[in-house]
Amino acid sequence: IYRNSVRTMASKVIESWKRTKAIYNHEEVVGKILINKILTKNPAIYSVFPFSKGNEINSDSMFADPTFKVTATEVIRTIDKAIGMMGPDLVSLIEFLKSLGAKLRIFGVKAEHYATFEEALIETLAGTVGDAFTVEVKTSWQTFYKIVKTSMIGGAHYDKDITEVLPEAGPLSKLKLPWLVASVLSLIYAGVYVLVVKHKLPPNVLLFGFCVWGSPEIPDKVIKCTKSPINSHIIAFGIDVIMALIALVLCKKDTSPKKKKGLYLASAFIILIHGALHFFLFKGLDCYIADTQKYEKIGYIFFGAFTFFLSLIILGFGFGFKLWIAAASIASTFLVLSVTMNADNAGQYTLPGLFVIVHPLSCITGLFTKEETFSPTVGKWFVVATLVGIIELSDCEGLLRKIGGHFWYDLTLHTAILAALPYFSEKEKKVKTA
């Protein structure tokens, strides 16, 4: 009897769904209708959707947002996938729905939202199916949705802490693969740095550890940047100023009620300080000085303070601002100072020493944290930035300097920082929900 009732329900749902799929461009069209009804019935759900950033609810800009179209399409595809999994045995469907429910909870969906979705779905189907949406068909859809709702709410485990809901998001999961690759590369980066400061690699053309291109003449340790008004440092400075401003603009565009303003401001500050460093290296030191002793004492004080602040930001946003995070940041600072101060020609390689320590710190944090700030996209940009760092230390003259030098590092690293901001990271996690 049970199997027959499931077959009857499935048959009516599938046949009526075929009518919906017959609509031209049905995924986008029906998805738009459905989402519009959901938001009309319960505007509080709006913040769950990725296209809520910078758009008024049910506005023309919202419907025109490319993210809206992607979300609408994926919602319909998910419904289609669930319908396609129906059969006498519902085990596979239920497992799929439980997993989906867990993901939706992570992205802000609450148990009470499912009732709104059901009302909106039934109303949408009444319009798309037309006269064929009989009482029997409606009852079949309500039965089907009861299975959907029960399974998804069960999979979401609203009675448990949210950190227990998705154990598969651990360091060996597919989502963490970019961070795993970046972690391995960051260790290689550190190894190359040690070889450079110990003079185990062929003599290089680095100036203060940076690969500096310039025009009309290439800077070196003799002419410095005196004949290179256009150079890697001034380009990096310009890029950093623009990116810091972008961080502030994104902060203003983020209209979420729990906006992490501190993260935006800290990111803009870090990027701007990095840019100020390049400006000082060009304007203050002419890209290179042989004798660094008179700058080292005060330089290491500021350098240590910045290292501590940077470590605190990275670990704090990854694992929360706790006492052990402060202790770990202090340890990280002493490690950076120890590595750079004890290197041969210490002052010449101080700044790259910061980067080679911060990279493993960032990548390992990204590997183990569950914070959406450290998204797969951010991990991919860290892979690129770390590769640029490795090439800078190992093959400046043969490769990186020919295409502009160090500014590529700033461009890729700070793209990773911008991608980590909630404006993008929360949008990414919600799109992956569908």
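Modeller: Happy to! Of the protein's 434 residues, 50% count as buried, meaning under 20% relative accessible area with a 1.4 Å probe and protein chains only. This is a predicted model, where local features need pLDDT of at least 70, side-chain atom pairs count only at pLDDT 80 or more, and totals for chains, interfaces and linings use all residues. Residues are numbered from 1 along each chain as its sequence is written, and side-chain values use heavy atoms, with hydrogens and water left out.

The protein has 16 helices and two strands; these are DSSP runs numbered from the N terminus, with helices (H or I) of at least four residues and strands (E) of at least two. Now to the pair itself: helix α9 (residues 232-253) packs with helix α15 (residues 407-419) at an angle of about 10 degrees, and their axes are 9 Å apart. Axes here are lines fitted to C-alpha atoms over the stretch in contact, and angles run from 0 to 180 degrees between N-to-C directions. That makes α9 roughly parallel to α15, a term for angles under 35 degrees.

On the α9 side, the contact (heavy atoms within 4.5 Å) includes Ile235, Ile239, Asp240 and Met243. From α15 come Phe407, Asp410, Leu411, His414, Thr415 and Leu418. By class, this contact has nine nonpolar, three polar and two charged residues. Ala, Val, Leu, Ile, Met, Phe, Trp, Tyr, Cys and Pro count as nonpolar, Asp, Glu, Lys and Arg as charged, and the others, Gly among them, as polar.

Methods: Angles under 35 degrees count as roughly parallel, over 145 as roughly antiparallel, 65 to 115 as roughly perpendicular and the rest as oblique.
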